[in-house]
Amino acid sequence: MPSKTAAALEANAEAGHGSLIGYFPAGYPTVEASIEACVAMCENGLDVLEVGVPYSDPVMDGPVIQAATVEALANGFKLRQTFDVVRAITERVSTPVLVMSYWNPIVQYGVERFASHLAAAGGAGIITPDLIPDEGAEWIAAAEKHDLDRVFLAAPTSTQERVNNAAEKSRGFVYAVSTMGITGAREELDELARKVVGSVRQAPTRQNTAVGIGISTGDQVAEVNGYADGAIVGSAFVKAYQSGGIDALSAKVAELASSLDTRNN
Amino acid sequence: MSSSSKPTNLRAQSGPYFGEFGGRFVPESLIAALDQLTETYEHAKTDPSFISELAELHRTYTGRPSLITEVKRFAEAAGNNVRIFLKREDLNHTGSHKINNVIGQALITKRMGKTRVIAETGAGQHGVATATAAALFGFDCVVYMGEVDTKRQALNVARMKLLGAEVIPVTSGSATLKDAINEALRDWVANVDTTHYLLGTVAGPHPFPTMVRDFHSVIGIEARAQMLEEFGFLPDVVTACIGGGSNAIGLFHAFLDDQDVRIVGFEAAGDGMDTPRNAATLNFGKPGVLHGAKSYVLQDEDGQTIESHSISAGLDYPGVGPEHAWLKDIGRAEYRGISDAEAMDALRLLSRTEGIIPAIETAHALAGALKLAKELPSGSTILINLSGRGDKDMETAARYFDLLDGGANA
């Protein structure tokens with residue numbers, strides 16, 4: 001089957017309308033609350049959802065997401081509940097649901113077993129922030145077998161050769177890291193993002209690419225969608241939830257999603 | 001750095017993998033920096049000008065070669081007619097083996113044209129060594145240190161500051177060494193153009209486990225030659241304490257292909273091997289990925305890292321270098337646990353019998369040797385890496401033995 005994620009991004013691109021991809025941690029602040037938050041995000045205009053797996057040593061995450069995932073773990077989140085969260089969301093909305101996880105939890109669960117359970121729960125695939133394609137043979141094979149998307153990253157410092165490989169090994173999209181840093185909102189989006197997207201465009205394998213890290217405003221979402229296939233927002237959504245619960249989160253998603261409509265009007 | 005021609009040839013392993021362990025499990029953002037580091041190091045290690053510059057710094061600054069001291073009164077206390085020898089890394093400048101790696105990586109930093117170094121530190125030994133090298137080479141220096149550790153090693157924090165480094169207390173996670181590494185990795189991702197991450201142990205992504213081992217391998221190379229030259233034999237057993245494993249691999253590496261030499265590493269067992277409060281990763285951990293490499297990790301069934309416990313900040317780490325994981329799995333080295341209490345007893349014993357106050361980390365190896373002495377044939381010889389001196393641990397020791405404020409004599 002073709003990638004549901006890619007289909008969503010490509011349909012939006014064809015309609016001249018960019019895509020908004022949003023992150024929220026599973027189990028934050030509780031499993032039930034995270035399901036409700038994720039469903040609300042999808043109902044308010046999100047095109048692709050990323051469900052984060054809380055991990056004790058999240059080296060790619062800034063303070064906002066770190067604090068949220070620490071709280072999820074403190075509240076008793078268990079890895080297997082990732083599948084409960086994904087299943088509950090996909091039963092209620094049709095938005096493609098990716099899981100974003102550091103590599104060790106998946107290794108401990110069993111790569112093949114994780115892939116199989118994720119597919120059974122209706123998940124679309126996995127974003128692997130600390131797994132480069134060079135180390136990813138086992139995961140790539142499991143993803144093929146279970147028809148899952150695999151989203152690898154491309155960074156401003158990646159060589160064209162490495163970007164080519166990321167494009168070839170990814171399915172769904174390539175996650176273009178917009179800046180040399182960790183997750184968290186930044187006021188000015190790096191020009192580096194355009195460079196990374198340009199490199200993905202040059203790869204022999206045609207691959208969608210979405211820009212993440214540092215995006216928090218509607219203007220940024222619109223700007224990124226001017227040259228990429230999607231904008232990824234994480235910390236800004238977690239912050240919105242912290243400031244005013246589901247209502248504030250829904251409003252933030254709707255606000256950023258409407259920036260894409262505005263651009264086309 | 002040279003490989004043996006013996007059939008086993010364990011010394012020739014140079015990553016990225018040691019058996020199934022090692023690799024580069026890091027964000028793509030760091031790959032270019034790791035590639036640059038690998039390339040720079042690969043060139044440097046065979047470049048005569050690099051080799052001679054490093055050797056000269058060790059001779060005139062570090063104070064190498066370090067001594068071998070036979071400790072007869074300590075051995076007498078151990079019993080069974082054993083002979084015990086210490087490789088005196090405590091006599092190096094800054095007081096531990098850590099300077100070997102730091103000087104090497106500082107030269108590599110210079111070759112890469114970078115001007116800022118960052119480091120993690122547990123006990124403070126590596127932070128002090130890095131701050132020292134930064135002062136010597138004129139680098140900006142930031143040291144990440146778990147907030148818990150800044151309290152139990154307050155004097156080392158002052159030393160680093162005096163040397164011109166900025167010390168950033170890390171409050172995330174368990175606020176110890178593993179979290180300091182996370183913060184250093186985050187800093188590196190953001191500042192990779194100007195900054196070298198001067199990792200202090202044989203863990204982390206390739207090329208760190210190999211490069212850091214190579215810089216410390218001078219310990220074993222010297223010790224092996226000194227044993228042969230001064231005493232005319234190789235020891236029956238070589239031992240060292242293990243946190244991340246840098247001083248241990250530094251000593252062990254030269255002996256890997258000496259099949260008659262037994263290799264034993266001692267991990268921190270904290271409250272004891274029968275309790276969950278320990279840092280004995282190779283004994284209680286499972287294979288997994290932490291801080292960029294596959295190795296043994298103290299973790300729960302979900303792969304969440306478990307907080308380790310040890311009286312010694314330098315061994316209080318839930319991971320371990322991948323080469324040790326491999327040496328354990330192929331059976332070339334044994335890894336055992338030593339409790340806080342056993343280590344502190346050995347620390348006092350060496351102080352009282354030899355006038356040498358070891359670091360608490362190192363005391364784990366001394367306690368291990370005392371146990372080994374009772375199992376070995378009478379008259380066996382044991383070489384211990386005396387990886388650091390105990391000055392930094394005086395506050396912990398004073399509290400442990402109640403030596404302050406008119407406390408009883410230890």
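In this predicted model, helix 2 (residues 48-62) of chain B and helix 4 of chain B pack at an angle of about 135°, and their axes are 10 Å apart. The two helices are therefore oblique to each other. Helix 4 of chain B also packs against helix 5 (residues 125-137) of chain B, and helix 4 gives the largest share of the side of domain 1 of chain B that touches domain 2 of chain B.

**Helix 2 and helix 4 of chain B**

- The crossing of helix 2 of chain B and helix 4 of chain B is right-handed.
- From helix 2 of chain B, the residues that take part are B:Phe50, B:Glu53, B:Leu54, B:Leu57, B:His58 and B:Thr62; they meet B:Ile99, B:Asn100, B:Ile103, B:Gly104 and B:Leu107 in helix 4 of chain B.
- Sorted by class, the residues of this contact are 6 nonpolar, 4 polar and 1 charged.

**Helix 4 and helix 5 of chain B**

- Helix 4 (residues 98-111) of chain B packs against helix 5 (residues 125-137) of chain B at an angle of about 40°, with the axes 9 Å apart.
- This angle makes helix 4 of chain B oblique to helix 5 of chain B, because an angle counts as roughly parallel under 35 degrees and as roughly perpendicular from 65 to 115.
- Helix 4 of chain B passes helix 5 of chain B in a right-handed crossing.
- On the helix 4 side of chain B, the residues in contact are B:Lys98, B:Ile99, B:Val102, B:Ile103, B:Ala106 and B:Lys110; on the helix 5 side of chain B they are B:Gln125, B:His126, B:Ala129, B:Thr130, B:Ala133 and B:Phe137.
- This contact consists of 7 nonpolar, 3 polar and 2 charged residues.

**The two domains of chain B**

- Chain B is divided into domain 1, made of residues 19-25 and 98-212, and domain 2, made of residues 62-95 and 217-400.
- The C-alpha centres of the two domains of chain B lie 22 Å apart.
- Across the boundary, 37 residues of domain 1 of chain B are in contact with 39 residues of domain 2 of chain B.
- Elements that give two or more residues to the domain 1 side include strand 2 (21-22), helix 6 (147-152), helix 7 (154-162) and helix 9 (208-216) of chain B.
- Helix 4 of chain B provides the largest share of that side, with 5 residues.
- By class, the domain 1 side has 15 nonpolar, 16 polar and 6 charged residues.

**A mixed sheet in chain B**

- In chain B, 6 strands form an open sheet with mixed pairing, in the order 3-4-14-9-10-13.
- Strand 3 (68-70) and strand 13 (333-339) of chain B stand at the edges with a single partner strand each, so one side of each has no neighbour in the sheet.
- From one strand to the next, the twist averages 25°.
- Strand 4 (residues 83-88) and strand 14 (residues 381-386) of chain B run parallel and are joined by 6 bridges.
- B:Lys87 stands opposite B:Asn385 in strand 14 of chain B.
- Helix 14 (residues 340-354) of chain B packs on the sheet, where it touches strand 10 (262-270) and strand 13 of chain B; its direction makes about 90° with that of strand 13 of chain B.
- Helix 15 (residues 360-375) of chain B lies across strand 4, strand 9 (237-242), strand 10, strand 13 and strand 14 of chain B, and runs at about 140° to strand 9 of chain B.

**A parallel sheet in chain A**

- In chain A, 9 strands form an open sheet with parallel pairing, in the order 5-4-3-2-1-9-8-7-6.
- Its edge strands are strand 5 (149-151) and strand 6 (153-154) of chain A, each of which pairs on one side only.
- Strand 2 (residues 48-52) and strand 3 (residues 97-100) of chain A pair in the parallel sense over 4 bridges.
- The bridge partner of A:Gly52 in strand 3 of chain A is A:Met100.
- Helix 1 (residues 4-14) of chain A packs on this sheet and touches strands including strand 4 (125-127) and strand 9 (230-233) of chain A; its direction makes about 140° with that of strand 2 of chain A.

**The contact between the chains**

- Between the chains, 27 residues of chain B are in contact with 29 residues of chain A.
- Helix 1 (31-44), helix 8 (177-191) and strand 11 (286-290) of chain B are the elements that give two or more residues to the chain B side.
- Helix 8 of chain B gives the most to that side, with 6 residues.
- The chain B side comprises 11 nonpolar, 10 polar and 6 charged residues.

Key. Residues numbered from 1 in each chain as written. Chains lettered and ligands numbered in written order. Predicted model: local features only at pLDDT ≥ 70, side-chain atom pairs only at ≥ 80, totals over all residues. Contact = placed C-beta atoms within 7 Å. Nonpolar A, V, L, I, M, F, W, Y, C, P; charged D, E, K, R; others polar. Axes fitted to C-alpha atoms, helices over the stretch in contact; angles between N-to-C directions. Parallel < 35°, antiparallel > 145°, perpendicular 65-115°, else oblique. Left-handed = near helix turned anticlockwise from the far one by under 90°. Domains from an automatic or database assignment. Pairing = 2+ DSSP bridges.
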